[in-house]
Amino acid sequence: QAQVVESGGGLVQAGGSLRLSCAAFGRSFSSYHMGWFRQAPGKERTFVAAISWIESTTYYADSVKGRFTISRDNAKNTVYLQMDSLKPEDTAVYYCNAIRWPNRPKLDYWGQGTQVTVSS
C-alpha cells in the first residue's frame, strides 16, 4: 500500500512561516491531484489546498488564500505547503492526500500528519 509521510511542522509565532513536505512512497503520485488538509483539536478535518497533477493548477480554502502556497516536485514524489503570515487559528495537525478535485480526499488512508502550532 502506498504511504505518505508529512514533515516540517513545529511551533512558530504568529506572523511566522513554515514549509511542510509530503513525501509519497510505494507508488508514484505524479498523475494524481494532491492536496493538504488540517484538523484542529476537537474539530473535523478540513481542506486547505490542492494542486493538479498537470499544469499545476491550484485551489485554496478561503481561510488560507494569499498566505499559503502549494507546490509539487513530481521527480521527488513530494508535495509542499509554504505557510506564511501564520495565525493562531492555523494551529492543527496537517495531512496530505490525493485529491478528488477540487477539495475532497481521494484515498481512504492517511499519514500520521505533522503538528503546526502558532502562538499569539
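**Strand pairing in a predicted model**

Modeller: In this predicted model, Tyr-94 stands opposite Thr-114 in β11.

Biologist: Is the pairing of strand β2 with β11 parallel or antiparallel, and how many bridges join them?

Modeller: Strand β2 (residues 10–13) runs parallel to β11, and 4 bridges join the two, with Gly-10 having Val-116 as its bridge partner in β11.

Biologist: How do you know that β7 and strand β8 pair?

Modeller: There are 6 bridges between β7 and strand β8 (residues 78–83), in the antiparallel sense, and the definition asks for at least two, so they count as paired. Within this pairing, Thr-69 has Gln-82 in β8 as its bridge partner.

Biologist: Why is one side of β1 and of β7 left without a neighbour in the sheet?

Modeller: The open sheet holds 4 strands in the order β1-β3-β8-β7, with antiparallel pairing. Because β1 (3–7) and β7 (68–73) stand at the edges, each has a single partner strand. Neighbouring strands here are turned by 15° against each other on average, direction ignored, where axes are lines fitted to C-alpha atoms and angles run from 0 to 180 degrees between N-to-C directions.

Biologist: What rules lie behind these values?

Modeller: Residues are numbered from 1 along each chain as its sequence is written. Local features need pLDDT of at least 70, side-chain atom pairs count only at pLDDT 80 or more, totals for chains, interfaces and linings use all residues, and side-chain values use heavy atoms, with hydrogens and water left out.
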